[in-house]
Amino acid sequence: MDAAELELERRSKFLSSLIQKKKAVEQQDHHDMLNVRVRASDMPVALQNRAFRCARDHLDSMPGKLDSKRLALALKKDFDSSYGPAWHCIVGTSFGSYVTHSTGGFLYFSIDKVYILLFKTAVEPLDH
């Protein structure tokens with residue numbers, strides 16, 4: 001490569017890094033607004049944001065005490081209907097888990113003081 005091509009490559013990398021930083025800041029602002037903290041994930045950002053919004057909306061609609069079962073069911077139903085079957089959801093303030101999940105289908109996050117584990121498993125038909 002000549003000097004001009006190297007300079008273009010350097011500038012391109014610099015601009016890409018600036019764009020990535022801006023996206024990261026915007027994502028963090030969104031998380032702060034919803035009071036969300038991602039603990040672990042391999043889920044695409046769009047699906048994560050849907051889970052955060054769904055959880056926040058359901059938590060805000062609960063009068064008084066947390067209804068973990070209702071929140072877990074709401075997230076599971078939302079993801080089953082939007083992204084296909086075999087989503088699982090665990091909600092609580094203290095729990096342990098060890099799960100196997102499909103690639104791109106795992107999200108563990110907290111919102112306020114509630115911890116939520118949302119994951120997808122592969123569905124295989126039964127042989128009769």
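I take helices (H or I, at least four residues) and strands (E, at least two) as DSSP runs, numbered from the N terminus. On that basis I place D57 in helix 2.

**Ground rules.** I am working on a predicted model, where local features need pLDDT of at least 70 and side-chain atom pairs count only at pLDDT 80 or more, while totals for chains, interfaces and linings use all residues. I number residues from 1 along each chain as its sequence is written, and my side-chain values use heavy atoms, with hydrogens and water left out.

**Whole chain.** I count 3 helices and 4 strands in the protein chain. Along the sequence I read the pattern α-β-α-α-β-β-β. I looked up the accessible surface (Shrake-Rupley method, 1.4 Å probe; for residues, only the protein chains shown count as cover). The total for the protein chain is about 8700 Å², and 57% of that belongs to carbon and sulfur atoms. Of the 128 residues, 28% are buried. Buried means under 20% relative accessible area, exposed over 50%, and partly exposed in between (1.4 Å probe, protein chains only). I then checked contacts (heavy atoms within 4.5 Å). Among those between residues at least 6 apart in sequence, 57% join residues at least 24 apart.

**Helix 2, residue by residue.** Helix 2 spans residues 45-61 and holds R56. Is R56 buried or exposed? I log R56 as buried, because its relative accessibility is 11%. Setting aside neighbours within four places in sequence, I find R56 in contact with L34, N35, I111 and D112. D57 has a relative accessible area of 40%, so I log D57 as partly exposed. From D57 to L71 I get 9.8 Å, C-alpha to C-alpha, across 14 residues of sequence.

**Helix 2 against helix 3.** Helix 3 covers residues 68-83; its axis and that of helix 2 come within 10 Å and cross at roughly 145 degrees. The axes are lines fitted to C-alpha atoms, for helices over the stretch in contact, with angles from 0 to 180 degrees between N-to-C directions. On the helix 2 side, the contact is made by L47, R50, A51, C54, A55, H58, L59 and S61. On the helix 3 side I list R70, L71, A74, L75, D78, F79, S82 and Y83.

**Helix 1 surface.** I find F14 in helix 1, residues 3-34. F14 counts as partly exposed because its relative accessibility is 47%.
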